[in-house]
Every structure is written in C-alpha cells, then in structure tokens.
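Trainee: I have not looked at this structure before. Could we go through it by question and answer?

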Amino acid sequence: MTVYLDHAATTPILPEAAAAMTAQLGRVGNASSLHASGRDARRLVEESREAIARSLRSRPGEVVFTSGGTESDNLAIKGLFWSRRAEDPRRVRILSTPIEHHAVLDPLMWLATEGAKVELVEVDRLGRLDIDAFRAALESDPDSVALVTVMWANNEVGTVQPVHEVVEIAHAHGIPVHTDAVQALGQLPLDFAASGVDAMTVTGHKIGGPYGVGALLVRRELQLTALLHGGGQERDIRSGTIDPPAIAGFAVACEVAVGRQLELAEKLATLRDALVAGVRREVPDAIYNGDPEPGSEHRLPGNAHLEFPGCEGDSLLMLLDARGIECSTGSACDAGVPQASHVLLAMGSTEECARSSLRFSLGHTSTRSDVDALVEAIAPVVERARNAALSLRAR
Amino acid sequence: MRVLAAMSGGVDSAVAAARVAEQGYDVTGIHLALSRNPRSYRTGARGCCTIEDANDARRAADVIGIPFYVWDLSERFHEDVVEDFLSEYAEGRTPNPCLRCNEKIKFTAVLDRAIALGFDAVVTGHYAQLRTGDDGLIEMHRAEDMSKDQSYVLGVLTQDQLAHSLFPLGDTSKSVVREEAARRGLAVAAKPDSHDICFISDGDTGGWLADQLSDVNHGGSIVDADGEELGKHEGSWRYTIGQRRGLRIGTPAEDGRPRYVLDIEPVSGTVTVGPRESLSVDGLSAIRPRWCGTALSPGVLLECTVQLRAHGEEHRAVVTTARDAVSVTLIDPASGIAPGQAVVVYDGSRVVGSATISATHRAGSPLAQARG
C-alpha cells in the first residue's frame, strides 16, 4: 500500500472529475466551430467557466483557461508587465518575494534581462512577507511599479501571505496585484472579488482535477499582452484550441473542492497536527518549519514541513520511498538533482539545514492510517539517514 | 541482498544492473551528478552537464523495473577529483582522474553512504572479475575481454571495498553486452562508449587546463638535456612526458631526429626535451600503495607484471616495498612514463595492488625525476 503524502505536488483525481472528463472524451466538436457539435462543446466550456466563476466568486468573463499554473503565472506577469510598461515607460519595477514558485521567479528573472527591475522583498523566519519592507519598497517610487506578484500560500512551507494588505498598499497607487493561489485553492477560502487581487492563478491537478488545465482569473478592465498568438480563443489574450474534456473535469473538481473546503481544512489540520506531534515524539530534535499557528491566515492545513538535523533530505526520501511512503524534499529538481530550497534559504536557513528537510502534504485522500504509517517508520529511517550523512562527512 | 547500481547512462552499467536484478537481488539504481553547471535563470542551481545521461539511466532503470534516484556528489567530486587533477598538473604530474574517482567517489563516498543506508554492495559496469581465493579473500582479476579490461582503474580498491562490490560484466565481451542490452530493450544498446575525461566536456584537456591554470604557471624555457635553451612556452601544464607534437621548437636537433618531452620542472617552468631513447625507463619509485588483498611484506621481492597506463601493455617487473614506498624494477623497459600515473601490479591476471608513480629511472642515464 502506498502512503501518499505529496498532495502539494499533485492530487489523486476525484471520481466526479474523472467521470465528467470521460463523458466528454468520446465527443467531437471544436468549441470555436459554428455547427451543432461545436455549439455543444462551447456550451460545455461556458458552463464550466460559470461553475468555476461561481466557486471562486468571480465573473465568468474573468476566467481565462490556460494549460495550468505555469502558463497562468507567465501570462499574468509578462502580460501585465508588457502592457503596463507600454502605457507608461517609467513602469519597470516588479515587486515580489523570494519564496515564490519557480513558475513566478523564472519569468521575473527572464523579464529582468528585458529591462525589468525585479525586487524580491524579504520574508521573516516563518516565511511571511515583511509587509513594512514591502510598503517601503513600493512607496519609495510607486509610479515606477508595473505590478506586484505575491503568492497566496507557499508551496513548500505552507505559510499564508498577507495578500489583503499587499492589495491595499498597491491599490492606493493604482498598481495591479497578481497572486499564485495554486496551493490555496481547496485548502483555504478563496473569494476573487473580495480579495481585491487583479489576477489569480489556479490549476486543476492540485484540487483533484486533471493535469494540463488551469486558469488565470483576471479582471475584465485589465489589459494583458498575449503570450500565445493565434486564434485568440480566450479573450484574445490566450490562443489555442480549447480542451473541453479537461475543462469539464477541472470545473467539477473546482466545485467539489470549494464545496468541501471547510470540512477538508478541518480534517487536514487535525491529521497534520497528529503527524507533526507523532514525528516529533519519535524524533525529538525534528524542527517544524514555517508558521506553527494553525488557521487560514497562517498556514495551509495540509502542510507539514519538517527538518531532521544531521540527515540529507534525499536519503530520507529514498528510505521512506522504499517503505512505500511518498513525500518530497520540497525543493526544485533538475534531472532529479536535489538543490537546497530557495524558500528555506530566504527564511534564513543555512544550506545544510535546508537540505535536511522534508515536506509532507496531505489532501483529500489522506487518512489517519497514512499518518500512523509515517510515524511508525520515521525513527529508524532518520537514524539510518544520519549514519549515511556521517559516513559522507568522514573521510 | 540489497544492492545499489551506479548507472552512468551508458550501456555497461545498464546491463550490469539488469543482470543483478534478474539474479534476484533487490536493486536500486542511482545516477551520480558529478558536475555543477549553473543555469542562467536559477542562480546557484545545480544541474548536471549530462542531463541526457541521467535521463538515459532513468529510462534504463524503468525498463529493468528498479527504483531510480540521482545522487548529488558534485561537491565531493570537485574537491577530490577535479581539484586534485588540477593540482597534480600544476605540480608537473600526469594524474588519472578515473582511478581517483573510483577510489574517492564510487567506492568510498557512494559505497559508504550505500552501506549506511542499508545496502550490501555497489554494482557497476566495470570490466573486471571478482573471485574468492583459497584464503577466503576476494581477488580481482582482469576481464575476460582484454580489450575492455578495466582492472587498471580499479587497482586502488582494497579488500573491504572489493567485498562490497559486484562487477557482473567481467566475463563478457563488449559486443555481447551490446547484444544483451538490445535484447533486454535497453535504449542505450547502441550508445557510443565514452572516452574523454567526463568533466572536460569538449575533450580538449589542454585548453581546459590552460583556462583553469592560467594563474599558476605563466611559462618558461624549453631546454635540451645539456640545459641549452631551445625555446619558450606558455605554461608547463601544456606538456606531458613523452609528448612529441606541439613543442614548436624553432631550431631542429643536430641529428634531425624528433624530440620528446623528457622532464617537466613546475617551479621554474622548465621543460626538458630530447631524443626518443631518453624516454626509456627501467625503474620506478611509487608512493601511496593500496593493496587489494594482503599487503606485500617489506623486503620481499615480487616477480610480477605491471601496467603503467589505462589500456597500456604489461611489463615484466620486480616489485619491493619499504614502509609507504614501492620500488619497481622493469625487466621490460617502458617509455614516456610520467610521475602521477598509477602503477598497477598483477600476479598473472590477479591485481595485487597499485601505487602512484613519484619518480622514474632512466635506462642507462643518471637523470631521475622526482615529484614526490
């Protein structure tokens, strides 16, 4: 039996979403075609758009379908930067945080080679944006800021960001705010209209939906420069033939996940607390990274990020994997090569500490027995990994 | 038995892993990420210069049906192999980085970590054979296929390392390994063999050394055996003993015959050249001996054969040891031998041990070079 503790990477598909997708897979019809089959496909897409809009408290016209989180982030950041700078060439600054996902950081670094001045405002030891430093950075010269992008909740350590305060500060100067809410959807209450953000990234596979489909919620009045040029299928800012089965599955997953969010958050927080307490009972020197306070203003309910001093994270991962327990070192991988997490480093961790951490992330299929299996396995695994680290250090 | 298969992404290590998996071992595949290649957008990110090799290894592991991970040993590799390679060249010696990697990385860093993580042995695709001798010790012998024999680069392994190693290809020829890879559906069956030093991606060792060592040694004189200056050069690390091409000496030798590098003196940067017969060596001093089994007792004369470079020929020799030094008398003289190279001692097909050459003794010449 696999103990799956990596829901932040991807989630098992919900049966409702799989059923909605498979019901569509055998049907023909390009949603842009004018005949009956095309209209049927279009109707399905628009009903899905409305369902997502209802779930996330946005207007249907604000939902732009994309291929997922990475594309939504790229579209929001590059699209906003280019259009805002075109309106006023002084707008070259982008304010963000050093703990964003690579789907945000890499477009920012790329834009920096295109004339953008990227400022990553520091975070505290819990991984939360320093809002005073953010205010100071923005207000030092608000006219030069093209946009702000701050994630809703961090994917590695689960810390919830002060997005409402960011919006308040930015909007006082008419600056648009994008947020990557990929991890938050389904785990925290999200209300696009009430949040005040101008653009929000969400994706299907983190909420029990299919891979390869996501959306950028973006206010109608906001101008975005397109990344993909072609048929202009999505509001003329995103081209490419629309994928009705994937969109249908995504919409159903979104409705189910949002409908069950409160119940799931409560269940996950209880399991997560049991996981952290159990692991720390077995490994007393394990350190709980991120914000220790529970609650939707503090931490994702399904996230447990633990540091095991003296261990290499990838040894721990391998030993747990051999016992059927699947988790993550929570760091970006390139050809599977582990790197020290940029998130932990930004939180003030040393490279060595950053490399001795594991992320356990719970989701809709998690059970108490998953937690028990981990707690039972962890002590001997940590001991072994410690010996291995010692053997590497010894010459 | 739980074994860790080191998979380079090549055909040999893939077939080695497949064979032990088929024999019923509990096999886990790993690919060693040995070099750091900072990417443009991710400052400080660790990539691997051989992402394609890592993918090939991963696909082989999929076909074999074993778990697969990448281990980042780039820091250890850089310290123990790359920096050692550079400092050896800077000192005028000619090191073999593959031997060093086997000694320090594959059969120390990886093996120690594997044992600590609960594995019993490391499996590689090296061509060498392990047998248990009459005394119960593990013996390492040359591969059945002499053209692929890699016992020379494994000559640094000790009994404890050999006892935790498996070389499943030692009795097989390369062509059979390729056929077997194809039969097993391994996509690397036709992948070309690697020849170059893995951390010098374009194969231009001289150019790479020039980049890395430009601050160390700016040049010096090229002289003949009498000390007469024949020309100038731009860094002694551009030369290896026995080298003939690229000397760029204006004046020809009096007898018109080609000249070879005989000696490199790194402190003054002096490179000595002379006729081919001056390269002939009939004795060696060596340090840092490593014995595969029982150490040779001091004072005992061992009649044996020695190999002085990878894929080099065998020379009959007599070897003795005293403390940490090894002295080798060559019955069959050798040519173009440089300090820093390894001497591997064989008793028939069995590897006795190895040491690092520190000085060579010229046949019929008092000129001896020492780079201890």
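## Domains, cores and a helix

Mentor: The model is a predicted one. In chain A, the C-alpha centres of domain 1 and domain 2 lie 28 Å apart. Domain 1 of chain A is made of 3-10 + 261-393, and domain 2 of chain A covers 15-259.

Trainee: Which element gives the largest share of the side of domain 1 of chain A that touches domain 2 of chain A?

Mentor: The contact takes 28 residues from domain 1 of chain A and 26 residues from domain 2 of chain A. On the domain 1 side, two or more residues come from each of helix 9 (261-282), strand 10 (303-307) and helix 11 (342-346) of chain A. By class, that side has 10 nonpolar, 14 polar and four charged residues. The largest share, four residues, comes from helix 9 of chain A.

Trainee: Is Ile207(A) buried or exposed?

Mentor: Ile207(A) lies in the loop between strand 7 (199-203) and strand 8 (214-218) of chain A. Leaving out residues up to four places away in sequence, Ile207(A) touches Thr11(A), Leu185(A), Gly186(A), Ala253(A), Cys254(A) and Ala257(A). The cut-off for a buried residue is 20 or more other C-beta atoms within 10 Å. Ile207(A) has 28 such atoms within 10 Å, so it is buried.

Trainee: How many residues apart in sequence are Ile207(A) and Thr11(A)?

Mentor: Thr11(A) is one of the residues that Ile207(A) touches. In space the two are 6.3 Å apart, C-alpha to C-alpha, while their separation in sequence is 196 residues.

Trainee: Turning to chain B, what radius of gyration does chain B have, against that of a compact globule?

Mentor: Along its principal axes, the C-alpha trace of chain B spans about 65 × 60 × 35 Å. For 372 residues, a compact globule would have a radius of gyration near 21 Å. Chain B agrees with that, at 22 Å.

Trainee: Which element of chain B supplies the largest share of the side of domain 1 that touches domain 3?

Mentor: The assignment for chain B gives domain 1 (2-190), domain 2 (217-274) and domain 3 (278-370). The contact between domain 1 and domain 3 of chain B takes 20 residues from domain 1 and 17 residues from domain 3. Strand 6 (138-142) and helix 5 (159-162) of chain B each supply at least two residues of the domain 1 side. The largest share, four residues, is from strand 6 of chain B.

Trainee: Which residues touch the most other members of the largest nonpolar core?

Mentor: That core has 132 residues. Val343(B), one of the residues asked for, touches Leu284(B), Val306(B) and Ile357(B), among others. A second, separate core has 88 residues, including Leu80(A) and Phe81(A). In the largest core, the residues touching the most other members are Leu316(A), Ala5(B), Ala14(B), Ala17(B), Val20(B) and Val343(B).

Key
Residues are numbered from 1 along each chain as its sequence is written. Chains are lettered from A and ligands numbered from 1 in the order in which they are written. This is a predicted model: local features need pLDDT of at least 70, side-chain atom pairs count only at pLDDT 80 or more; totals for chains, interfaces and linings use all residues. The radius of gyration is taken over C-alpha atoms; the globule rule is 2.2 Å times the number of residues to the power 0.38. Domain bounds come from an automatic or database domain assignment. Two residues are in contact if their C-beta atoms, placed from the backbone, lie within 7 Å. A nonpolar core is a set of buried Ala, Val, Leu, Ile, Met, Phe, Trp, Tyr and Cys residues joined through C-beta atoms within 7 Å. A residue is buried if 20 or more other C-beta atoms lie within 10 Å of its own, exposed if 12 or fewer, and partly exposed in between; C-beta atoms are placed from the backbone. Ala, Val, Leu, Ile, Met, Phe, Trp, Tyr, Cys and Pro count as nonpolar, Asp, Glu, Lys and Arg as charged, and the others, Gly among them, as polar.
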